[in-house]
Amino acid sequence: MGDRALSGDDEQTVEGSRRPVVTDETSAVAVLCDGMTVGVGGFINAAHPMALVRQLVRRRLKELTVVGAASSGLDVDLLVACGCVAKVVAPYVGAEGLAPIGPAFRHAAQQGLIEVWELDEALYYAGLRASSQRLPFNPWRAGVGTSYPCINPDLKEFEDPIRGERLLAVPAIEIDVALIHAAVSDRYGNVQHDGTGYGDRAIHAAADVTIVQVEQLISPERIRRNPAATSVAGADRVVRAPYGAHPFGSEGYYPPDREHLGEYVDAAQELLRTGSRSRLDAYLARYVLEPRDHVEYLEQVGLRRLVELSEY
Amino acid sequence: MPDARPEGEGRMSQTAAEAPASPFELMATALAHDLEDGEWVEVGANLPVPRAAALLAHLTHGPNMTIMLAMTKAYLRDEPLIEEFELITDVRAQRWAEAYYPHDRLLSEMRFRRRGVFFCGGIQIDQFGNSNLIGIGHDHRRLAFRGPGAIGTCNATVHNGRYHLVTNEHSARVLVERCDYVSALGFGDGTPGLREELGLGNEGPRYIVTPLCVFDFHLETHRARLRSLHPGVELARVVEHTGFAFEVPDPVPITPAPSPHELSILRERIDAQGRLRGAAAG
């Protein structure tokens, strides 16, 4: 786009031009459909791609397999609360002290409304690694002798052919579309996290398609100043979403919005305690379904609240 | 030692500083006494007792210990006040960090953990040292109580050089005969040599540390047995609140209380916010 002009009208024309991958959240999630396996990055109360997650809910997608983060947060809880999820792959869903177990997740799991693919964090990364390596499984030792192979029969105990040890075969966790939140990207999808990025690289590597929402779009020159920091080299789509992880934190930008998370937790706990969805539905209407896009969500949260969020 | 606290915050009156150790402070001290210089101690999310234990050992006798806090590797002996963070993702922990681990690296690189010590909790812990974070109920597809999940405990209890079980609640609901599900394997059903046969890399849980007492495990039967009662705790109370029968030594040793020096380190540098001084359940 436009770069063609750079070649000028020399006799030797260079064919084609580099394609930017920047789009908005509405177009970005158009690639998703019912029944897909969706990976969601971040870690407990940090860096979940909420602008994309809320857009996914607005599309009323159903029967998703959600691969949360190794320790996923109330992002997965929200997707379960919205009825988008058939199966959860995550060793933890919760918010630490704010909600030790995700209330809507717990409710759905206890009612048998969702399937939980039970595993531990190391087994989770073994599964992602198998997918990224295009292998049927990765072996892992821890888990042998526990309840995991019983409550998740996809985990198979086997005798390793090299030393004859008893190991678990963890099937590849193959992700159709990974959704990730990061600090910055250039327009070509070269993404850099602030901080470590938790398990986002592993989720990206296990996915066919990666959509990254970023706090800021920056120039390719700035990305090239520190290429070693590029965590996702070539996202398929990049969405500019300032405050896009809200109500979770985004390293280098803002901490979790505890008050807002508390509002969600209270609403979801009412569902768990009483079976009544009224408060939860009011929350979802106000913050997820009525705003048409990310900007309208931020308007609903309010500028003052957003500006008040400070890491230090 | 300079006092880095803002004025009016966390400064204790003389009486509060001299109050006897709380159950959580006793637990932290018992665990700290067991930790050795040179070990790696990873403190997970929202676990004030293991955090305090690791820091107390580091500050008193562990100059070469590595403390892994909120996914960082830290050396903290020169810090006058070690602020506590409620969330594992709190970026302020990075001020002490010598390294900051991507999470997938922490869960992939296992070889260095031979020097590691881990603390494992449980919604149930049984007499054979198995831990359950999966849930309570007979049908795992419709649990009566869905637990938080293993998180990383299934793995950490295999790959660290050793580990302890820790519970903040001493009750017959937590300390049971057999766990409904096992997310971190201790000694299974007590079969001798089980962990070796399964190729698990350590000798299994060493202690169960509770607000009332410390259990260890019989070397042959692998059943939990009383190791010591915390000061002031009656044996009858432990029996009443424990869901399994256990062997009792005669006489019953008393868990060593923190020294005045240890208590002042705990209260002034490690736990200035006083989370350990709250009441324990059980």
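**Where chain A meets chain B**

Guide: Let's start at the interface of chain A and chain B, where 20 residue pairs are in polar contact, both partners having pLDDT 80 or more. A polar contact is a pair of N or O atoms within 3.5 Å; within protein, one must be able to donate a hydrogen and the other to accept it, and residues adjacent in sequence count only if both atoms belong to side chains. The model is predicted, so local features need pLDDT of at least 70 and side-chain atom pairs count only at pLDDT 80 or more, while totals for chains, interfaces and linings use all residues. Residues are numbered from 1 along each chain as its sequence is written, chains are lettered from A and ligands numbered from 1 in the order in which they are written, and side-chain values use heavy atoms, leaving out hydrogens and water.

How many residues take part? In contact (heavy atoms within 4.5 Å) are 51 residues of chain A and 44 of chain B. Together the two chains bury about 4,000 Å², with 58% of it on carbon and sulfur atoms. Buried area is the accessible area (1.4 Å probe) that two parts lose on being put together, summed over both.

The interface also holds 3 salt bridges, each a side-chain nitrogen of Lys or Arg within 4 Å of a carboxyl oxygen of Asp or Glu. You can find Arg258(A) and Glu86(B) joined in a salt bridge, at 2.7 Å from N to O.

Now look at what chain A brings to the side that touches chain B: helices H4 (103-111), H5 (121-132), H6 (148-151) and H7 (200-205), along with strand S7 (142-145), each supply at least two residues. Helices (H or I, at least four residues) and strands (E, at least two) are DSSP runs, numbered from the N terminus. H4(A) gives the most to this side, with 5 residues. By class, this side of chain A has 26 nonpolar, 13 polar and 12 charged residues. Here Ala, Val, Leu, Ile, Met, Phe, Trp, Tyr, Cys and Pro count as nonpolar, Asp, Glu, Lys and Arg as charged, and the others, Gly among them, as polar.
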